Amino acid sequence: MTLAILVFLVTLIFVIWQPKGLQIGTTAVTGAVVALIVGVVDFNDVITVTSIVWDATLAFIGIIILSMVLDQIGFFEWAALKMARLSKGNGHLMFVYILLLGAVVAALFANDGAALILTPILLAKMKHLKMNPVAIFAFLMAGGFIGDSASNPLVISNLTNIVTAGYFNIGFMEYMKNMFLPNMLSIIASIVVLWIYFRKSIPTHIDVQNLATPESVIKNITMFKLSWWFLGLLLIGYFIGDYYNLPVSVFALGGALVFLAIANHFKATKPWMTIKTAPWQVVWFSIGLYIVVFGLKNAGLTTYLADMIVTLESYGNTVAVIGTGFLAAILSSVMNNMPTVMVMDIAIAEAGNSSLAYANIIGCNLGPKMTPIGSLATLLWLHVLAQKGVKISWSEYMKVGLVITPPVLLVALLGLI
């Protein structure tokens, strides 16, 4: 156990630290190799892990490629400007509308897509509107929070969702039905709690007259119109895939490549550049880190967690759901939600109650917001902001995260019950 924990901690430290630009995938694969060398995992574990995460990682890559093409045609910038103009200069309305936009983007394009694409667009617009730093901080923190708190409704909304749905063989429709209410409550609670927390930082009036019109930022009107039809057909494709028990990556990655080809036909994008800049490191990160985490499983960590879950179940379903959700949330906040979701999935399977997988997902999606290291999406979000000259310290982040996360998490878990 000590050796497995040491390998995991060193790997996680380098993933977060990224000294001299060391890529997260490279670090995770190095950690996996070390785990193999010291014997905390073997090659059979590597095969097992790959069989668990391949669908999720390929689906994630597809979602990001699709998001990148939509970004290149001006889809997200159009949406951001539309929300800003709908507010008619009312700062509080704009705050709510931006959160609703973030929720929709997170649902359809994953929380990481929201972090990578929507954040720089919102930051640019807020600077253009000459908002003061306090207001910009409020909007950015709220936008970053909603990206994770609203990433529960569909299997494709978060990498953790895809991994867990695949592990427990949960279908697209079954997942959506069980997560609809918890996600709606999570969004409502997020907006209420975030508004209460930041209400004094939000400007009463914002001059939106100088903003560009939404239509003016569309770079290819043909692709823009086609994108609405394509997204609708893609969503239908997920349900068809569910009916025939097809991997979600067939439609997520396959659809993204088809959309990329269409965009190339209409000269709206450069396919090779899009594919080249896609976050392929996430593939190596997912496989590598999960192999390292499997070492913790082999050392007995999942057995300890399974025992805790069984104990929670002895107090009834309500305690089991809330307890499992908060256990997943706390673990996610201190050791990242990607390894947590796998460890907890295995523990839940050992405990023999697969229905708690939904509580695990909610905990792993919301819990990471308590600390900057909780999720890959938050790390990407902070990295994007740093590149744009906005630095948010750990203390600033946690001062907000530790206050707003627990009540939203509780409301979402009550919705699940």
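## V283 in helix 12

V283 sits in helix 12, which covers residues 281-298. Helices here are DSSP runs of H or I with at least four residues, and strands are E runs of at least two; both are numbered from the N terminus. V283 has a relative accessible area of 9%, so V283 is buried. Buried means under 20% relative accessible area, exposed means over 50%, and partly exposed lies in between (1.4 Å probe, protein chains only).

Which residues does V283 touch, neighbours within four places in sequence aside? The partners are T57 and I61. A contact means heavy atoms within 4.5 Å. V283 and G401 are 118 residues apart in sequence, and their C-alpha atoms are 28 Å apart in space.

## About the model

This is a predicted model: local features need pLDDT of at least 70, side-chain atom pairs count only at pLDDT 80 or more, and totals for chains, interfaces and linings use all residues. Residues are numbered from 1 along each chain as its sequence is written, and side-chain values use heavy atoms, with hydrogens and water left out.

## The whole chain

The protein chain holds 18 helices and zero strands. Its C-alpha atoms fill a box of roughly 60 × 50 × 45 Å, taken along the principal axes.

Of the 417 residues, 58% are buried. Take the contacts with a separation of 6 or more: 83% of them join residues 24 or more positions apart. The chain exposes about 17300 Å², and carbon and sulfur atoms supply 68% of that area. Accessible areas come from the Shrake-Rupley method with a 1.4 Å probe; for residues, only the protein chains shown count as cover.

Charges come next. The chain has 20 positive and 16 negative charges, and their mean positions are 19 Å apart. Lys and Arg count as positive, Asp and Glu as negative; His and the chain ends are not counted. Each charge is placed at NZ of Lys, CZ of Arg, CG of Asp or CD of Glu.

## Helix 7: mostly covered

Helix 7 spans residues 159-167, and seven of its nine residues are buried. Those buried residues are L159, T160, N161, I162, V163, T164 and A165. What do they pack against? Their partners are helix 3 (43-72), helix 8 (172-198), helix 10 (248-265), helix 12, helix 15 (337-351) and helix 16.

Just after helix 7 comes N169, with a positive phi of about 55 degrees.

N336 is in the loop between helix 14 (317-335) and helix 15. Its phi is near 80 degrees, a positive value in a residue other than glycine. N336 counts as buried because its relative accessible area is 2%.

N337 belongs to helix 15. N337 is buried too, with a relative accessible area of 3%. A polar atom of the N337 side chain lies 3.0 Å from the backbone oxygen of C364. Neighbours within four places aside, N337 contacts T160, S332, C364, P368, G374, S375 and L376. T160 is also one of the buried residues of helix 7.

Is K369 buried or exposed? K369 counts as buried, because its relative accessibility is 3%. K369 lies in the loop between helix 16 (357-366) and helix 17 (376-387). Its side chain makes a polar contact with the side chain of Y397, at 3.4 Å. A polar contact is a pair of N or O atoms within 3.5 Å; within protein, one must be able to donate a hydrogen and the other to accept it, and residues adjacent in sequence count only if both atoms are side-chain atoms. Residues up to four places away aside, K369 touches G144, F145, D148, T378, Y397, G401 and T405.

K88 is in the loop between helix 4 (75-86) and helix 5 (91-128). At 72% relative accessibility, K88 is exposed. Its phi is near 55 degrees, positive in a residue other than glycine. K270 is in the loop between helix 10 and helix 11 (271-277). K270 is exposed as well, at 63% relative accessibility. K270 and F43 are 227 residues apart along the chain, and 39 Å separates their C-alpha atoms.
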